[in-house]
Amino acid sequence: MTGPAAQKPEYAELIAELAAFRDERLRRQPSDRALAGDVGVSPTTIGDWLRADRFPQQIDPLLKLVRVVWAQAERAGLAGDPAAAAVLDEQTWQRAYQAEALRRADGTRAAVEAGQGRAVLERMRPGMPLAEVVDPFPLEVHRAIGSPVAGLPVLPAYVPREHDHRLAEVVAQAATGASRIAVLAGGSSTGKTRACWEALQPLRERDEPWRLWHPIAPTRPDAALAELADVAPYTVIWLNEAQEYLLPSPLGEQLAARLRDLLRDPRRAPVLVLATLWLDHWATLTTRSTPDRHALARQLLDGHRIRVPDVFTGSALGALADAAGADPRLAEAAERAADGRVAQYLAGVPVLMSRYEDASPATKALIHAAMDARRLGAGPHTPLAWLAEAAPGYLTEAEWNQSGDDWLEAALEYVTTPCKGIPGILTSVKTGNPRNQRNRRTSAPVGTGAGQGPLYRLADYLDQHGRHARAAEIPPIDFWTAAAAHAHRADLTALGDAAWDRGLYRDATQLHKHATTHGNPHAATALVNHLHTLHPTDHQPAQWAAAHVSLDDPAAVARSLSELRGTGADEQVTALLARDPAAHVSLNSPFAVARLLSELRGTGADEQVTALLARDPAAHVSLNSMVAVTQLLDVLGEAGAQEQIAVLAERAAAHVSPDDPDVGRLLNVLRWIGAEEQIAVLAERAAAHVSLDDPLDDPLVVGQLLGVVRWAGAEEQITVLLAGDPAAHVSLNSTGAVAQLLNWLRQVGADEQVAVLLARDPAAHVSLDDPFDVAHLLRVLGEAGAQEQATALAERAAAHVSLNSTGAVARLLDVLGEAGAQEQATALAERAAAHVSLDAPGAVADLLDWLREAGAKKQATVLLTRDPAAHVSLDDPGGVAQLLDELREAGAQEQATVLLARNPAAHVSLDAPGGVAQLLDVLREAGAQEQATALADRLPAAGHFDQFIEIGDHRERFRFGREPDGSVAAPWAWENLE
């Protein structure tokens, strides 16, 4: 037999090469008997494996055999031999082993062989059978308070609430074959993880082979990325504390992208992702920022949040009372939990808080060090060495002198002692190899010692408590020096960023230097940028970064090149390019590839540009983000890479959904690069989106599709779309969507469809819940000449539009005024002044401004009589500034005085730098200098030292940063770092 069909499988070739290498190059050493002793099987089994008579049922013994042969090769002086390296590479063996298992499972040989292969594949799949997952605590479900009653189950009886019903719907969809994700968001110890645990029960009762995978080690994102490609259908992916997976850069975004791919791949369905998040972390991951650090995580999470309330209310309290008779723990919680915080009581929160508050100064210092480590960027497992070295810095001289020589032993005993059946304030973390993980290392990883030794985990509730209670504190010097010495390498960059943001420049640079040593590209960029600002002529930091930065992330390499070029470190640019980043970077992210390609061209690194394009990135980049794809198409066009453009354009046009909000941008780029064929394909797909069997009734989708085909210039497809008579079928409930559809129909010249839509009298049917959308539709109706409809809508809105959003009401008043609907505007103004919410200060300011400009003095007086200054929220600094300014403009000095008397400087959030700057200015203009100073003094601890140094002479005084106590840092340089 000849030809491809006669070729041996890769595994058979590899095992034959291994046997030949041992027999010929190593003279049959080690012997079968010696190998058997090292691997833990019989000599006969070793012989069967090497002759390919038997397939190993587990990969670990096979890898042990390979390592033993490798050790013999080293002793024989063959460590540098290419043939040895090829036949003894562990990754090659892992790939070959899995391929052989797949081959056998496909039944390409005898039925027995197929059975062997399926058994092996089942063991290789990430996770473990759901039937074997019987212990909730390794999945991080909180233990419950204890009870003197014997024989109780490990968890109290479960009392379902509203969020459980929503979660059950998601699980039911997965059980019937669809891939789904559910994200339970709420405070600490509110029952998020327990709800996920209970939701598994329907899957346990199914016939399908459901598994559960909880990736943990070496770090959560590393573990998830390592095996995500091997996840098979009928897998639950357990992402408790999902911020630990999605926040780290760049791994978090990589994982988010791959999870989205998995959930959208019908060949791998069903997969169920169960994630939990605190609300703060939800906001961080789903709120747009500049730069947009979590765009892919936001796309993964949006629309999938299930809110877990802090308290039991209504029917849940009744169900709790019913269940309490069978479990004394529930009875105790029902009787003693304050304000319905039943889940927190069961998780032991009152006990934890009491022990924390009663701790001695030295013990509390240890706890505060753990709290600060977590809130400033460290992972959940904190080295004891870090805490032990940091804690003394939190104590006064008197407290330290009174602590005694055994303070650490006493503190550890206190914080680790369980109470009422729940773990202590700190829980010891077992180290070593993770349990039930595939492809785990059997030998300790090489490290520097940082992050080694005993590890402890802070109780979740105290972690959350510390983030708020200690938000205004900057840890002492001992904390930062201990972090540099003992923090885990994965945490060094985040800790360095936190230090720099608080003005601790020297500590930040030390942490970034260590992180750069381990290849972190963000730390390398920060190191170069920060040190150049302090010492422009010193290129030692640039040299360090160029030599150590990792080459995995193309965007990070691009940033490093940009920083090096910007600081004039030309030699270091050359050194970094000499490491051949084009051959090593990942090709997954189109944005990152585009950025690197652009930077290489700007650097004049033509050979690297050629090398990068030779790897065919257009065929490999992810298509998850059309914005990123269009950026890469742009850069490829600038580089004249026509073949790459054709490949990527074809992939994008075939992949993008016609109702993707970014499809217009893609069409623009396709037209610019002359990709007419792909434009036509996309237009045809848009038209095909409308099915006679399933007519579209969503006006927003129809409008977006019309936009796509219009951008494509595809008149035939527009005709196809309009032939379905969408104006007669779309729902009229969504005000904003109707406005958008009407706008698009006018733009494509579909006058008959415009008439059909208007004949259905949308003004009488659309929802009035959102004043912004009502304002939008009013404007579009006016532009369409539908004056009667506009008037009717204006009258409805004036009398009935929702007043929940004060800012939206102010916008609607503007549009009514522009439309000449003065009577309706006056009616709405009267309603708003008397009834609108006074919560948002910026919105109240907008309304007051409109009333003043419109000459509506009576309504303005009504609004001011409601005493908004005493009722508005003080959270938004920009809104407070706007209202304070507007009150002063309106001559409402008493209201301005009331607002200032509430001391907004002490209460506003510092998350919006622009709003803080605006409030600082307005406070000074109002003569509230003490408040302005107090607000400025809050900035460093909140991580806004960049704003602090813009005040007065701070930039010059704090050129080298500050110390944790607020004093000016002494001059320092690269030579002062360790």
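The following legends describe close-up views of a predicted protein model.

**Figure 1. Overview of the predicted model.** The protein has 978 residues, of which 51% count as buried. Its secondary structure consists of 56 helices and 9 strands. Among contacts with a separation of 6 or more, 74% are between residues 24 or more positions apart. The accessible surface comes to about 43800 Å², and carbon and sulfur atoms hold 49% of this area.

**Figure 2. The contact of helix α2 with helix α4.** Helix α2 covers residues 32–39 and helix α4 covers residues 59–75. Their axes lie 9 Å apart, and the two helices pack at an angle of about 125°. The helices α2 and α4 are therefore oblique to each other. Their crossing is right-handed. From α2, the residues L35, D38 and V39 take part, and they meet P61, K64, L65, V68 and V69 of α4. Sorted by class, this contact of α2 with α4 contains 6 nonpolar and 2 charged residues, with no polar ones.

**Figure 3. The contact of helix α8 with helix α9.** This view shows α8, residues 162–175, beside α9, residues 192–199. The axes of the two helices come within 10 Å and cross at roughly 45°. For this reason, α8 and α9 are described as oblique to each other. The crossing in which α8 passes α9 is right-handed. On the side of α8, the contact involves H163, D164, L167 and V171; on the side of α9, it involves A195, C196 and A199. The residues of this contact divide into 5 nonpolar, 1 polar and 1 charged.

**Figure 4. The contact of helix α20 with helix α23.** Helix α20 spans residues 361–375, and helix α23 spans residues 407–416. The two pack at an angle of about 70°, with 9 Å between their axes. An angle from 65 to 115 degrees counts as roughly perpendicular, and α20 and α23 are therefore roughly perpendicular to each other. Their crossing is right-handed. The residues A362, T363, L366 and I367 of α20 meet W407, L408, A411, L412, Y414 and V415 of α23. By class, the contact of α20 with α23 holds 9 nonpolar residues and 1 polar residue, and no charged residues.

Figure 5. A388 belongs to helix α21, which runs over residues 384–390. Leaving aside residues up to four places away in sequence, A388 touches L366, W407 and L408. A388 and A369 are 19 residues apart in sequence, and their C-alpha atoms are 8.8 Å apart in space.

**Figure 6. Helix α26 and the helices that cover it.** Helix α26, residues 492–501, is mostly covered, with 7 of its 10 residues buried. The buried residues are L492, T493, L495, G496, A498, A499 and W500. They pack against α20, α21, α25 (477–486), α27 (505–517), α28 (521–534) and α55 (945–948). After α26 comes G503, which has a positive phi near 85°.

Figure 7. Most residues other than glycine have a negative phi, and most peptide bonds are trans. P30 is found in the loop between α1 (10–25) and α2. P270 is placed in the loop between α13 (251–264) and β5 (271–277).

Figure 8. E140 is not a glycine, yet its phi is positive, at about 75°. E140 sits in the loop between β1 (128–129) and α8. The relative accessible area of E140 is 19%. Buried means under 20% relative accessible area, so E140 counts as buried. S189, also not a glycine, has a positive phi of about 60°. The loop that holds S189 lies between β2 (180–185) and α9. With a relative accessible area of 7%, S189 is buried.

Conventions: Residues numbered from 1 in each chain as written. Predicted model: local features only at pLDDT ≥ 70, side-chain atom pairs only at ≥ 80, totals over all residues. Heavy atoms only, no water. Helix = DSSP H or I, 4+ residues; strand = E, 2+ residues; numbered from the N terminus. Buried < 20%, exposed > 50% of the residue type's maximum accessible area, 1.4 Å probe, protein only. Contact = heavy atoms within 4.5 Å. Areas by Shrake-Rupley, 256 points an atom, 1.4 Å probe, with all protein chains shown as cover. Axes fitted to C-alpha atoms, helices over the stretch in contact; angles between N-to-C directions. Parallel < 35°, antiparallel > 145°, perpendicular 65-115°, else oblique. Left-handed = near helix turned anticlockwise from the far one by under 90°. Nonpolar A, V, L, I, M, F, W, Y, C, P; charged D, E, K, R; others polar.
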